[in-house]
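Visitor: I am new to this structure. Please show me how to read its features.

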Amino acid sequence: MNLTAIFAIYRMEMLRFARTILQSFIAPVLSTSLYFVVFGTAIGSRIDQVEGVSYGAFIVPGLIMLSIMTQGISNASFAIYFPKFIGTVYEILSAPVSFLEITIGYVGAAATKSLFIGAVILATAHLFVDIQITHPLAMVAFMGLTCLSFALFGFIIGIWARNFEQLQLIPLLVVTPLVFLGGAFYSVSMLPPAWQTVTLFNPVVYLISGFRWSFFGLADVPVGLSLLAIAGFTLLCLGIIWWIFRTGYRLRD
Amino acid sequence: MAPILEVEGLQKRYASGHEALSGVDLTIEKGEILALLGPNGAGKTTLISIICGLVTPSGGQVRVDGHDIRHDYRKARALIGLVPQEIALEPFETVWNLVRFSRGLFGKPRDDAHLEAVLRSLSLWDKRDAKVHELSGGMKRRVLIAKALAHEPKILFLDEPTAGVDVELRRGMWEVVEGLRARGVTIILTTHYIEEAEEIADRVAVINRGQILLVEEKARLMARMGRKELRIELQHRIDALPDRFAAQGLELIHDGNAILYHYDTRGERTGIASLLAELAEEGIVLRDIVTRQSSLEEIFVGLVTEDAA
Ligand SMILES: Nc1ncnc2c1ncn2[C@@H]1O[C@H](COP(=O)(O)OP(=O)(O)O)[C@@H](O)[C@H]1O
Ligand SMILES: [Mg+2]
């Protein structure tokens with residue numbers, strides 16, 4: 001394992017992150033605050049409680065998930081798309097590094113950034129509502145795995161994309177709707193029965209449910225199933241990346 | 001001594017169906033400077049890209065210091081530094097961060113003294129904290145070279161290193177190349193500028209339409225392929241050449257004031273002595289004789305047009 005190379009990639013990505021740290025910090029603080037003003041105050045004043053949890057607190061896990069998923073994808077996809085776009089990818093491809101090392105470097109950095117943003121949101125939310133975390137270890141594990149798997153997913157998109165439109169397409173058309181419909185801001189049990197069944201085909205439901213369970217001990221689906229879903233998604237992404245580097249898909253002519 | 005680079009039957013057909021390389025064989029010895037000379041589209045960049053791992057070959061083999069570039073890619077690539085044809089650099093990074101990154105990427109432990117020496121040799125030390133987008137084109141190209149040298153490669157590929165580079169910078173670059181050669185680094189540079197090959201290469205490989213037409217020591221090539229030209233200036237102008245000379249390929253030039261004679265240095269006899277004697281027999285008086293050897297450029301153009309025919 002070429003640890004030096006992994007660290008070099010990771011460090012370079014984190015340096016770029018550090019240059020825009022203020023932006024990376026302010027954006028989630030601002031958006032979280034807005035969500036609390038709109039959802040927490042306006043809607044929360046009517047909903048009051050969801051399964052014994054105040055609505056303001058109830059949406060926190062969903063808010064964090066929404067951000068780390070979209071951020072994970074956009075950070076990782078950009079991280080590999082940009083070198084392709086400006087041509088610097090030649091150096092990565094000519095280096096004595098394996099696909100796994102390249103992936104760990106880029107995806108590790110993207111996941112770290114998402115984790116940071118997730119933590120900022122959690123801290124910001126804490127200023128608005130009381131949050132209890134029933135299973136802190138599980139919370140960290142769910143958050144970490146989600147950051148990782150969505151960064152992997154973003155990495156694939158970044159390799160696949162041939163232009164900026166394609167880079168934005170999947171996050172916009174697929175991920176955002178899935179997250180909004182995935183129970184980020186409501187409990188699946190609040191839906192009519194027919195919609196509950198439809199919802200169970202949305203993979204994001206499992207992630208948000210598991211994450212919320214780690215906070216409040218409440219889940220829409222069994223926790224084991226949530227873990228299985230996220231582990232499966234991670235493995236699927238790893239498999240696709242392995243195939244990409246083996247075949248040189250969109251990287252090597 | 002084992003060759004540092006062995007290319008055997010290398011083929012590349014791009015997805016577009018275009019055959020960029022059709023069976024390239026090339027062996028390069030340690031420590032030499034090889035100029036890969038060929039017109040645009042000949043396949044130079046494709047060849048380099050395959051050796052460096054950027055392009056997957058359709059057939060054939062490449063070994064770098066005995067390591068196969070596919071099965072033993074870590075060992076093979078660790079020995080190679082690549083300066084690509086197009087300038088590709090992260091605009092908002094500093095020069096120092098970029099060279100440090102390159103070294104790390106190739107798995108070498110941090111060594112600031114080495115990086116400093118590299119930057120100094122390329123006159124970039126003063127610019128180490130500058131961001132790439134603040135640099136001139138020539139400086140950017142030197143940054144690319146610095147990145148390629150950051151991990152102390154044994155082979156350096158320079159793909160058209162002087163395209164769009166001014167004369168002074170070019171000279172500086174050749175000094176760096178000479179310095180590297182003195183330390184035993186093998187250098188392969190592609191170019192379509194003949195002067196470049198003529199100036200610094202030990203050997204020249206001519207490539208055209210995906211095939212190597214010849215590989216030879218520069219001096220031998222020039223001697224072997226060189227055609228010489230003899231210009232005989234006459235004391236008195238003549239209206240026409242006597243018939244007996246027409247068959248020998250003589251040409252009357254300068255309005256009858258000079259005669260041009262082409263001959264091959266490869267020939268056993270150049271025929272100069274007998275020609276001069278025959279001219280005297282015809283009563284033609286000579287004023288002066290000038291010979292000129294053809295340059296690599298003419299050799300090259302000759303080869304490539306022959307190949308196209
Ligand atoms: N990615 C590619 N896809 C299709 N054809 C290509 C590609 N890259 C190069 N070629 C073609 O292959 C030939 C050789 O190109 P190249 O190796 O860049 O030549 P050179 O470097 O000698 O100018 C050219 O005809 C070029 O158009
Ligand atoms: Mg080229």
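**Between the chains**

Guide: Start with one pair: B:Glu90 and A:Arg16 join their side chains in a salt bridge, 2.7 Å from N to O. A salt bridge puts a side-chain nitrogen of Lys or Arg within 4 Å of a carboxyl oxygen of Asp or Glu. This is a predicted model, where local features need pLDDT of at least 70, side-chain atom pairs count only at pLDDT 80 or more, and totals for chains, interfaces and linings use all residues. Residues are numbered from 1 along each chain as its sequence is written, chains are lettered from A and ligands numbered from 1 in the order in which they are written, and side-chain values use heavy atoms, leaving out hydrogens and water.

Visitor: How many salt bridges does the rule find across the interface of chain B and chain A?

Guide: Four. Polar contacts are counted as well: a pair of N or O atoms within 3.5 Å; within protein, one must be able to donate a hydrogen and the other to accept it, and residues adjacent in sequence count only if both atoms are side-chain atoms. Between chain B and chain A, 10 residue pairs are in polar contact, both residues at pLDDT 80 or more.

Visitor: Which element gives the largest share of the side of chain B that touches chain A?

Guide: Helix α3(B) does, with seven residues. Helices are DSSP runs (H or I, at least four residues), numbered from the N terminus. That side of chain B holds 17 nonpolar, six polar and nine charged residues. Here Ala, Val, Leu, Ile, Met, Phe, Trp, Tyr, Cys and Pro count as nonpolar, Asp, Glu, Lys and Arg as charged, and the others, Gly among them, as polar.

Visitor: What area is buried between chain B and chain A?

Guide: The size of an interface is often given as the accessible area lost when the parts come together. The figure here is about 2,700 Å², with 57% from carbon and sulfur atoms. It is taken with a 1.4 Å probe and summed over both parts.

**Around the ligand**

Visitor: Which atoms does ligand 1 meet at B:Gly41?

Guide: A polar backbone atom of B:Gly41 lies 2.7 Å from an oxygen atom of ligand 1. At B:Thr46, an N or O atom of the side chain is 2.5 Å from a ligand 1 oxygen.

Methods: Buried area is the accessible area (1.4 Å probe) that two parts lose on being put together, summed over both. Helices (H or I, at least four residues) and strands (E, at least two) are DSSP runs, numbered from the N terminus.
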